[in-house]
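Colleague: Please take a close look at one part of this model for me. Pick a single strand and tell me what surrounds it.

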Amino acid sequence: MTRQIKVGGVKIGGGAAVSIQSMAKTDTRDAAKTVRQIKELEKSGCEIIRVAIKDFDAASAVRAIKRKIKIPLVADIHFDYRLALSAIENGADKIRLNPGNICKEDEIREVVMAAKKRKIPIRVGVNSGSLPIQLQKPSKAASEAGKRLQTENLVKSVLDYIKILERMDFCDIIVSLKASSVRSTIEAYKLFSKKSKYPLHLGITAAGPASTGIVKSSIGIGALLLEGIGDTIRVSLTGDSVEEVMAAKNILQALELRNFGPEIISCPTCGRCQVDLARITKELSLKVQGLRDNIKIAVMGCEVNGPGEAKEADIGISCGKGSGVIFKKGRIVKRVKEKDIVKELLMEI
Ligand code: SF4
């Protein structure tokens with residue numbers, strides 16, 4: 001089991017529930033706009049939020065943002081360690097440092113001292129695209145040996161950085177080793193988890209737009225979580241952060257690691273379906289959003305496979321021509337017209 005650390009009120013690692021993170025996409029210096037986005041993310045289920053600290057104005061804005069939000073805030077720092085000091089001073093709950101661009105020991109020491117004083121953790125977040133210069137090898141990306149070397153370099157850079165922090169008697173550490181290649185990311189996290197007990201923040205970096213990014217993230221994050229690796233996750237998408245949070249929730253619910261409310265099991269439809277199942281499913285999904293009950297709702301397009309599938313669910317509908325039969329725990333409850341399916345299902349739920 002990994003070591004447990006705390007980010008604000010959220011526990012990470014050591015058997016705590018896998019938490020969901022996202023990143024604000026606003027200019028942090030615009031505190032009002034950033035708060036609006038974070039509040040929307042809080043509402044959708046985000047548990048930890050990260051903001052980009054690209055200058056001292058952004059670091060100062062942390063104070064105003066923190067006053068208005070409920071979830072812990074992580075300051076994302078690159079290049080200038082003084083930005084970390086300022087963000088800590090302004091109330092950040094965690095600092096993310098990139099070993100690729102903040103690597104002078106005396107600078108790291110100052111950040112560590114400030115983090116210790118405020119009792120906040122540091123994420124050592126390495127990306128394959130920003131490895132420290134001395135670890136960047138002109139590897140032939142296409143060759144297996146080149147990829148292995150990149151993975152080993154990624155892990156080595158984090159372990160070296162951790163040694164520096166440990167020498168300063170600092171162990172409130174979270175680690176991420178992100179690559180845009182799903183395979184490299186999985187290999188890097190696996191290799192690291194064999195060598196260290198620090199909790200892991202999982203993610204695939206620069207995963208792309210939702211259409212491909214959700215697939216990459218689900219495979220990468222999912223494969224690791226299935227092996228018991230990973231303590232907090234961030235799905236990175238080019239697009240709305242709310243989509244990142246929804247995707248993260250879906251990954252955790254699909255792996256039965258967390259429960260975020262009803263699960264809809266709907267069939268893909270085929271030539272046997274005689275109702276507008278896509279509309280029914282979409283409407284139902286929207287209506288059950290926000291319910292906390294851990295129930296399975298089956299929405300099946302026909303009576304051939306429908307009743308059988310619906311047996312596995314707590315409640316379900318098996319459709320026929322212009323109508324459907326509602327089941328509860330596999331037993332028929334009533335027959336309803338197509339136009340009333342959603343309303344009747346909701347009543348039964
Ligand atoms: S449940 Fe019926 S309509 Fe849906 S995919 Fe199966 S056979 Fe086709």
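**Strand S12 and its partners**

Modeller: Strand S12 and strand S13 (residues 315-319) run parallel, joined by four bridges. Keep in mind that this is a predicted model. In S13, Gly316 is the bridge partner of Ala298.

Now turn to the other partner. Strand S11 (residues 263-266) also pairs with S12 in the parallel sense, over four bridges. Here Ile265 stands opposite Ala298 in S12. So what do we have at Ala298? Ala298 faces Ile265, and Ala298 has Gly316 as its bridge partner in S13. Trace both pairs on the structure.

How does the chain get from S11 to S12? Look for helix H9 (residues 277-288): S11, H9 and S12 make a β-α-β unit, and this unit is left-handed. Follow the path on the screen, strand, helix, strand.

Is S12 covered or open? Strand S12 spans residues 296-300 and is mostly covered. Four of its five residues are buried. Buried here means under 20% relative accessible area.

The protein chain has eleven helices and 15 strands. Of its 349 residues, 52% are buried. Its C-alpha atoms fill a box of roughly 75 × 50 × 30 Å, taken along the principal axes. The accessible surface comes to about 16700 Å², and 51% of that belongs to carbon and sulfur atoms.

How far along the sequence do the contacts reach? Take contacts between residues at least 6 apart in sequence: 62% of them join residues at least 24 apart.

Elsewhere in the chain, eight strands form an open sheet with parallel pairing. The order is S8-S7-S6-S5-S4-S3-S10-S9. Its edge strands are S8 (173-178) and S9 (201-202), and each pairs on one side only. At the S8 end, strand S7 (residues 122-127) pairs with S8 in the parallel sense over six bridges. There, Asn127 stands opposite Lys178 in S8.

Last, the charges. The chain holds 59 positive and 40 negative charges. Their mean positions are 1 Å apart.

Back to your strand, in brief. S12 has four bridges to S11 and four to S13. Four of the five residues of S12 are buried.

How values were computed:
Residues numbered from 1 in each chain as written. Predicted model: local features only at pLDDT ≥ 70, side-chain atom pairs only at ≥ 80, totals over all residues. Heavy atoms only, no water. Pairing = 2+ DSSP bridges. Helix = DSSP H or I, 4+ residues; strand = E, 2+ residues; numbered from the N terminus. Buried < 20%, exposed > 50% of the residue type's maximum accessible area, 1.4 Å probe, protein only. Contact = heavy atoms within 4.5 Å. Areas by Shrake-Rupley, 256 points an atom, 1.4 Å probe, with all protein chains shown as cover. Lys, Arg positive; Asp, Glu negative; His and termini not counted. Charge placed at Lys NZ, Arg CZ, Asp CG, Glu CD. Right-handed = clockwise from strand over helix to strand, strands pointing away.
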